[in-house]
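Here are some exercises to work through with the model open beside you. Try each task before you read its solution.

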Amino acid sequence: MNERDTLKINAKGTLEIGGMDTVEIAKKFSTPVYVYDEQHIRNMMRLYKDTINEYYGGNGLVLYASKAFSCKAIYRIAQQENIGIDAVSGGELYTAINAGFNPSKICLHGNNKLKHELELALDNGVGIIVVDSHSEVDLLDQLASSRGIKQDVLIRVNPGIEAHTHAFVQTARTDSKFGFSIHDGTAEKMVLHLMNKRNLNLKGFHCHIGSQIFEKEPFVLATEKMIAFIADLKTKYGFETNTLNMGGGFGIWYTDEDSKLSFDDYREYLRSIIDVINNKTEKLHLKKPYLLIEPGRSIVGEAGITLYTVGAIKDIEGIKKYVAVDGGMFESPRYALYQSKYTAILANRANEPCTEKVTIAGKCCESGDIIAADVALPLAKSGDIIAVFSTGAYHYSMASNYNRNFIPPVVLVGNGTAEYIVKPQSYEDIVRNDAVPERLKWKQN
């Protein structure tokens with residue numbers, strides 16, 4: 001469990017999230033269902049914002065990383081908390097704009113942005129676009145010119161830091177598909193290429209070294225390298241960097257193999273970045289750049305859980321016991337992708353001792369359809385409610401209709417209420433976009 005009161009076991013022996021009984025939530029909204037604690041989300045947003053205010057004089061902005069979880073309600077919360085967002089697709093961008101989010105506080109990312117996505121950003125006044133290729137710079141300059149505007153941009157830079165994390169989510173290596181390397185000189189060449197563009201305004205640089213990082217050292221090293229790069233550009237070309245985006249990547253708790261981070265721990269991650277900027281810019285006689293950070297998983301990850309109902313149970317004696325639930329890899333894909341580990345409990349019998357290790361299996365027609373392996377549970381029975389923790393990030397956002405299963409709804413718990421923020425799908429939704437050519441339509445004899 002975590003130490004921030006998102007989850008607790010009540011006097012009835014059932015699990016609560018945000019002060020509401022998960023068994024009652026499962027009865028009201030059915031399962032599978034994603035459930036989020038609104039207050040925890042707000043607390044995490046405030047933590048990062050307050051840290052910038054306290055230790056960097058408010059000279060920065062928190063950008064919620066939309067890819068962790070995107071829907072209209074999360075953007076409304078971000079706007080109310082006076083933070084920005086980063087979007088990585090036209091869909092995320094459109095959702096935010098449709099929710100009424102202030103476009104000047106949106107940062108658009110992506111290593112292969114499509115023309116219509118860039119047009120959507122320009123036509124709606126997106127604040128910053130992070131460019132990631134020469135062809136994108138050329139296209140964006142043309143599109144901005146045709147609209148008579150000058151667009152603020154950052155260049156994504158690889159500082160060459162490899163964080164201690166899963167290889168599939170390391171993003172700042174020299175051979176990454178993202179950004180331009182400082183080491184091989186391509187980042188500097190990109191600066192020169194962009195400075196010649198009439199309709200683009202180079203504000204600075206973006207750096208993101210990976211995800212699910214628990215050590216401060218990678219952030220410190222990356223920041224030091226970025227400041228050194230900024231100083232080198234000033235010496236060579238007189239270019240003053242106005243904005244530095246240091247990305248996100250702060251880790252969260254999934255199982256007891258992970259650290260259980262406190263608010264102070266997350267504050268220290270950000271402080272370690274700020275301290276480097278403060279010290280190095282003073283030493284090198286640089287102006288302090290406007291600081292952007294992009295936490296996503298750490299804002300919503302532990303705020304969310306998924307509730308399931310136990311169905312079939314298959315005990316292969318001496319080998320493995322499967323406890324099947326009404327979800328699967330269609331709504332919980334991270335085990336299939338990364339063999340990610342999770343903690344789960346029986347929400348309706350949360351006080352009972354764990355007596356066995358089981359594999360929680362989904363209902364998809366795939367042998368690899370596993371939600372969590374080697375999970376300690378009490379003796380589970382059909383009809384029990386299982387809660388899987390820390391599913392607030394990269395679950396709904398990566399869900400699909402595989403096997404034509406429903407993507408589960410999302411429920412937000414706050415102020416003593418539980419309400420849909422993403423409604424449930426129906427069979428009509430599943431077939432809504434199907435089209436049958438005339439030659440395939442039934443014809444009467």
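Predicted model: local features only at pLDDT ≥ 70, side-chain atom pairs only at ≥ 80, totals over all residues.

Residues are numbered from 1 along each chain as its sequence is written, and side-chain values use heavy atoms, with hydrogens and water left out.

**Exercise 1. Helix H6**

Solution: 
- Step 1. Helices (H or I, at least four residues) and strands (E, at least two) are DSSP runs, numbered from the N terminus.
- Step 2. The expected span of a helix is 1.5 Å times one less than its number of residues.
- Step 3. Buried means under 20% relative accessible area, exposed over 50%, and partly exposed in between (1.4 Å probe, protein chains only).
- Step 4. An α-helix has 3.6 residues a turn, so residues three or four places apart point the same way.
- Step 5. Contact means heavy atoms within 4.5 Å.
- Step 6. Past the end of H6 comes Gly148, with a positive phi near 70°.

**Exercise 2. H5 against H6**

Task: How do the axes of H5 and H6 cross, and which residues meet?

Solution: 
- Step 1. Axes are lines fitted to C-alpha atoms, for helices over the stretch in contact, and angles run from 0 to 180 degrees between N-to-C directions. The axes of H5 and H6 come within 10 Å and cross at roughly 45°.
- Step 2. H5 is therefore oblique to H6. Angles under 35 degrees count as roughly parallel, over 145 as roughly antiparallel, 65 to 115 as roughly perpendicular and the rest as oblique.
- Step 3. Lys115, Leu118, Glu119, Leu122 and Asp123 of H5 meet Glu136, Leu139, Leu140, Leu143, Ala144 and Arg147 of H6.
- Step 4. The residues of this contact of H5 with H6 divide into six nonpolar, no polar and five charged. Here Ala, Val, Leu, Ile, Met, Phe, Trp, Tyr, Cys and Pro count as nonpolar, Asp, Glu, Lys and Arg as charged, and the others, Gly among them, as polar.

**Exercise 3. Helix H8 and its packing**

Task: Find the span of H8, its buried residues and its contact with H7.

Solution: 
- Step 1. With 21 residues, H8 reaches 30 Å from its first C-alpha to its last, close to the expected 30 Å.
- Step 2. Buried in H8 are Pro218, Phe219, Ala222, Thr223, Met226, Ile227, Phe229, Ile230, Ala231 and Leu233. These buried residues pack against E9, H7, E11, E12 and H9.
- Step 3. H7 and H8 (residues 217-237) pack at an angle of about 50°, with their axes 12 Å apart. The two helices are therefore oblique to each other.
- Step 4. In this contact, Ala187, Glu188, Val191 and Leu192 come from H7, and Phe229, Asp232, Leu233, Lys236 and Tyr237 from H8. The residues of the contact of H7 with H8 divide into six nonpolar, no polar and three charged.
- Step 5. Just after H8, Gly238 has a positive phi of about 70°.

**Exercise 4. Two single residues**

Task: Where is Met246 found, and is Met246 buried or exposed? Then place Asn278.

Solution: 
- Step 1. Met246 sits in the loop between strand E12 (243-245) and helix H9 (263-283). Its relative accessibility is 3%, so Met246 counts as buried.
- Step 2. Not counting residues up to four places away in sequence, Met246 touches Cys207, Ala222, Thr223, Met226, Ile273, Leu291 and Leu292.
- Step 3. Asn278 lies in helix H9 and is buried, with a relative accessible area of 16%.
- Step 4. Asn278 touches Tyr55, Tyr56 and Lys288, again not counting residues up to four places away in sequence. Asn278 and Tyr55 are 223 residues apart in sequence and 9.4 Å apart in space, C-alpha to C-alpha.
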